[in-house]
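Hi everyone, thanks for coming. Let's have a look at a structure together.

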Amino acid sequence: MRIIHTSDWHLGQYFYGKSRANEHQQFLSWLLTQVAQHNIDAIIVAGDIFDTSTPPSYAREMYFDFIARLQGSNCQLIVLAGNHDSVAMLSESQTVLASLSTRVITQVIPASLSDGELDEKTLSKQVFPLQDAGGKTTAIICAIPFVRPRDVIKSRAGQSASDKQQSLQQAISDHYQYLYQQARKQADAYEKAEGIAVPIIATGHLTALGVSISDSKSDSVRDIYIGSLEAFPASAFPPADYIALGHIHRAQQVAKSEHIRYCGSPIALSFDEAKQDKRVLMVEFTSGKLSQVEDVIVPCFQPLYMVKTSVDELEASLQETLVAFEKRQAAENLPKDMKAWLDIEIDNGDHLSDLSQRVSEIAVNMPLEVLLVRRCKKARQRRQAQLSQQDNSTLSELSLTEVFDSRLSQLEWQTDEEVARKTRLTQLFAELSVELSLKRKQATAFSNEKSDTNKGQETSTSAEKEATTQSVLAEEESTNADKEPIIAEKDSVSTEKDSITPESLEQSNL
C-alpha cells in the first residue's frame with residue numbers, strides 16, 4: 001500500500017496583500033498527477049487545509065474541486081482539521097464528501113463520554129479501516145485532528161500551571177493510546193480472519209518535542225499551544241507503524257524517528273521558508289509494516305527571496321538577486337512574465353521613510369516585486385534602546401497621550417499596511433480620549449447639579465420656616481395689611497426655588 005502524507009495547505013492565504021490562489025491551484029493539479037503516476041491508495045492531509053476559519057469562497061471552491069477530480073482515481077482522501085480550520089465549516093460537508101471517498105475528521109471524541117457511550121458509530125469517526133478499490137482493508141487509521149483541551153480534559157480548581165500541563169499531556173497521551181488499542185483490535189481481527197497483517201497509521205496536528213526550534217518559530221507557524229501544553233513528547237505517541245503530523249512547515253523526522261514525520265507545507269508560507277525544498281511524503285507499507293518514506297519535491301510556483309543588505313549595498317544586492325532569479329527562471333522553465341517576490345532586510349539605517357521609494361526606483365525595470373522592506377532585528381533593537389535612553393520619564397510624569405505615543409514608537413511601522421494601521425489606531429485613540437473627556441464633564445456636572453439641588457432644598461426649607469414664624473408674629477402684632485409684604489416675600493422665595501432647573505445649573509457650571 002502507498003499513501004501521500006501532506007499538510008498545511010493554507011488555502012486562501014494572502015501574503016502581504018498577494019493571493020496564493022495560482023500557486024495552490026498548480027500544487028493541487030501537480031498532486032493529482034502524482035496520485036496517478038505513483039498509484040497512490042490514499043492521501044492524508046494532516047491539518048490546516050485553510051489559512052483561516054473563514055476562507056474566501058474561491059479557496060473553498062478549490063478544495064471541493066480537488067475532491068471531485070480525485071474521485072476518478074480510486075484514491076481515498078483523509079482530511080483532518082488543524083488549528084486554522086473551522087470545525088463547523090469542515091463538518092457541514094462531512095456527509096456529502098463521504099460519498100466521494102473522503103473522510104473529514106474535525107474533532108476528537110469528547111472525554112466526557114463514558115465507555116458505555118462509545119458505541120461503534122462514535123468510535124468509527126476516528127478509528128476506521130482504509131480500503132483499496134476492491135474493498136480489501138489495507139490499513140487502520142487513528143485519525144486525530146487538532147486537539148482542543150475541552151475535548152480531552154476537565155479543568156479542576158486549584159491546579160498549578162505545572163499540574164495543568166501535566167494533566168493535559170497525560171489526557172492527550174491517553175487519547176492516543178486508547179484509539180491505538182481500538183485500532184490494534186481491528187488490525188488483529190482482520191489478520192486473524194484474512195491472514196494478512198495491516199499497518200496502523202496515526203495522525204496529529206501539534207508541536208512535538210524533538211522538532212527544530214527554528215522551524216517551530218517560523219513566521220508563518222502560529223503558536224497553537226494546547227492550553228498550557230507547549231509541545232507533546234515523542235515518547236507519548238503510541239507504537240503505530242506511521243504517524244503523519246502537521247503544523248510545522250518544514251519536513252523532518254521527530255526525535256530522529258523514521259516513522260514519526262512532519263511533511264511540511266507544499267509552498268513557502270513566509271520568506272524565512274523561501275530556501276526550503278517543499279515536498280510531500282510518499283509512504284509505502286509492505287506486509288503490514290513501514291518499508292519506505294520517499295520525499296517527492298513540489299515544484300516552486302512562485303520564487304521568494306529574502307535580501308539582507310545595507311543601504312549602501314542595496315543596488316548591488318538587487319542585481320545579484322536578479323541574476324539568481326534569471327538563472328532559476330531558465331533552469332525551472334518558469335514563465336517569462338513572472339516576477340520574484342522580495343523581502344528586503346536592512347542591517348543599518350534608523351529611518352526608512354524614503355527607502356521604499358528608493359527600492360522601487362532601483363527595481364523599476366527588474367522582474368522583482370518588493371513586498372516588504374524592514375530593518376533587521378539588531379537594527380530594531382538598537383533603535384528601541386535609543387528611544388529608551390531618550391525618554392527616562394516615569395509613568396506619573398506622562399499624560400495619557402504621551403504614554404500612547406511612546407508605546408507606538410516602540411513598534412515597527414514600515415509597510416503601507418502597517419502605517420495605515422498606525423493611523424487608524426491614532427484616530428481611534430483620539431476619539432476615545434474625547435469620549436472619556438465628555439464623560440468626565442458629564443459626571444462632574446451631574447455631581448454639581450446634585451449638590452446644588454440639595455443646597456437649594458435646604459435653603460428653601462429654612463426660608464419657609466423663617467417666613468412662617470414671622471407671619472405668626474405679624475398676625476399677633478400687625479394688621480392684615482401689614483402681613484402682605486411678608487407673604488409677598490415668601491412667594492418670591494418659592495418662585496426663585498421653582499426656577500432652579502438641571503439645565504440652568506449645568507449652564508451655570510459650564
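Predicted model: local features only at pLDDT ≥ 70, side-chain atom pairs only at ≥ 80, totals over all residues.

Residues are numbered from 1 along each chain as its sequence is written, and side-chain values use heavy atoms, leaving out hydrogens and water.

Let's start with strand E1, residues 2-6. Strands here are DSSP E runs of at least two residues, and helices are H or I runs of at least four, numbered from the N terminus. In E1, 4 of the 5 residues are buried, meaning under 20% relative accessible area with a 1.4 Å probe, protein chains only. E1 runs antiparallel to E13 (residues 279-286), with 4 bridges, and histidine 5 sits opposite leucine 281 there. E1 also runs parallel to E4 (residues 42-46), again through 4 bridges; here isoleucine 4 partners isoleucine 43.

Now, the largest nonpolar core has 35 residues. By nonpolar core I mean buried Ala, Val, Leu, Ile, Met, Phe, Trp, Tyr and Cys residues joined through side-chain atoms within 4.5 Å. Among those touching the most other members are Phe237 and Val254. Which helix gives the most to this core? That's H7, with 9 residues. Apart from this core lies another of 34 residues, including Leu11 and Tyr63.

Technical notes. Buried < 20%, exposed > 50% of the residue type's maximum accessible area, 1.4 Å probe, protein only. Pairing = 2+ DSSP bridges.
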